[in-house]
Amino acid sequence: MSERSQLPTGVHRTAGPEETEALAARVADALAPGDVVLLSGDLGAGKTTFVRGAARALGVTGAVTSPTFTIGRRYEGRVGVSHLDLYRLADLGEEDPALLSDYLAPDRIGFVEWPGIAEEALAEAGVTVAARVRLEHAGGDARVVTVEAV
Ligand code: ADP
Ligand code: MG
């Protein structure tokens, strides 16, 4: 991370996964430890692709894939990076929000796919949401990616 830049807020159009990763890298450049980014969008919209691009920009070198059999993965780049996918959680609100604190911490940058199911638990966990990213199919490999600062 060199000098922190501004979040590229607004509506973007990407023509393929590389462009979504490049946009994610610009978002990553604007993040600081403790920040959490919430990602929404249909299956296959590109949430995990976005997280991969952001993680790369944060210095993560290994494979960045969807968490399976767990709610999240932790990576170590130039900063700790956590990637959560809450899709399979029926209702985290009834579970211990401390589960989230295994991943979301003041010294890490977090990315959360399907956060809706855990909005309450996220709030209880004292998470600072820095940005919301919404990805939408726009025909073929095109996606509309909306970045909102929180
Ligand atoms: P999600 O996590 O939202 O379910 P993924 O990132 O796992 O989505 O999958 C998105 C799929 O769509 C990948 O196979 C990716 O290569 C493909 N794809 C095609 N065009 C784009 C684009 N513009 N942005 C992101 N992914 C794209
Ligand atoms: Mg995904």
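**Questions on a predicted protein model with a magnesium ion**

Visitor: In which strand is valine 36 found?

Guide: This is a predicted model, in which local features need pLDDT of at least 70 and side-chain atom pairs count only at pLDDT 80 or more, whereas totals for chains, interfaces and linings use all residues. Residues are numbered from 1 along each chain as its sequence is written, chains are lettered from A and ligands numbered from 1 in the order in which they are written, and side-chain values use heavy atoms, with hydrogens and water left out. Helices (H or I, at least four residues) and strands (E, at least two) are DSSP runs numbered from the N terminus, and valine 36 is found in strand β2.

Visitor: Is valine 36 buried or exposed?

Guide: The classes rest on relative accessible area, with buried meaning under 20%, exposed over 50% and partly exposed in between (1.4 Å probe, protein chains only). Because its relative accessible area is 2%, valine 36 is buried.

Visitor: How many Å apart in space are valine 36 and glycine 110, C-alpha to C-alpha?

Guide: Not counting residues up to four places away in sequence, valine 36 touches several residues, including Leu104, Gly110, Val112 and Val129, where contact means heavy atoms within 4.5 Å. Valine 36 and glycine 110 are 74 residues apart in sequence, yet their C-alpha distance is 4.4 Å.

Visitor: Which residues are the protein donors of the magnesium ion (ligand 2)?

Guide: Donors are N, O and S atoms within 2.8 Å of the metal (3.2 Å for Na, K and Ca), and water is not among the atoms, so sites may look incomplete. On that basis the protein donors, lying 2.2 Å from the magnesium ion, are the OG1 of Thr48 and the OE of Glu113.

Visitor: How many residues apart in sequence are the parts that this pair ties together?

Guide: Threonine 48 is buried at a relative accessible area of 15%, and glutamate 113 is buried as well at 2%. Because threonine 48 belongs to helix α2 (residues 47-57) and glutamate 113 to strand β5 (residues 108-113), the pair ties together parts whose separation in sequence is 65 residues.

Visitor: How many of the eleven residues of α2 are buried?

Guide: Among the buried residues of α2 are Lys47, Thr48, Phe50 and Val51, and the buried residues pack against α1 (17-29), β2 (35-40), β4 (80-85), β5, β6 (128-137) and β7 (143-149). The helix is mostly covered, with a buried count, out of eleven, of nine.

Visitor: Which residues is threonine 49 in contact with, leaving aside its neighbours within four places in sequence?

Guide: Threonine 49 has its place in helix α2 and is buried, with a relative accessible area of 18%. Leaving aside those sequence neighbours, the contacts of threonine 49 are Pro17, Thr20 and Glu21.

Visitor: What is the relative accessibility of threonine 146?

Guide: Threonine 146 is found in strand β7, and, leaving aside neighbours within four places in sequence, residues in contact with it include Gly10, Val11 and Arg132. Threonine 146 counts as buried, because its relative accessibility is 15%.

Visitor: What radius of gyration does the protein have?

Guide: The secondary structure comes to four helices and seven strands, and 47% of the 150 residues count as buried. The radius of gyration is taken over C-alpha atoms, and the globule rule is 2.2 Å times the number of residues to the power 0.38. For 150 residues a compact globule would be near 15 Å, which agrees with the value for the protein, 14 Å.
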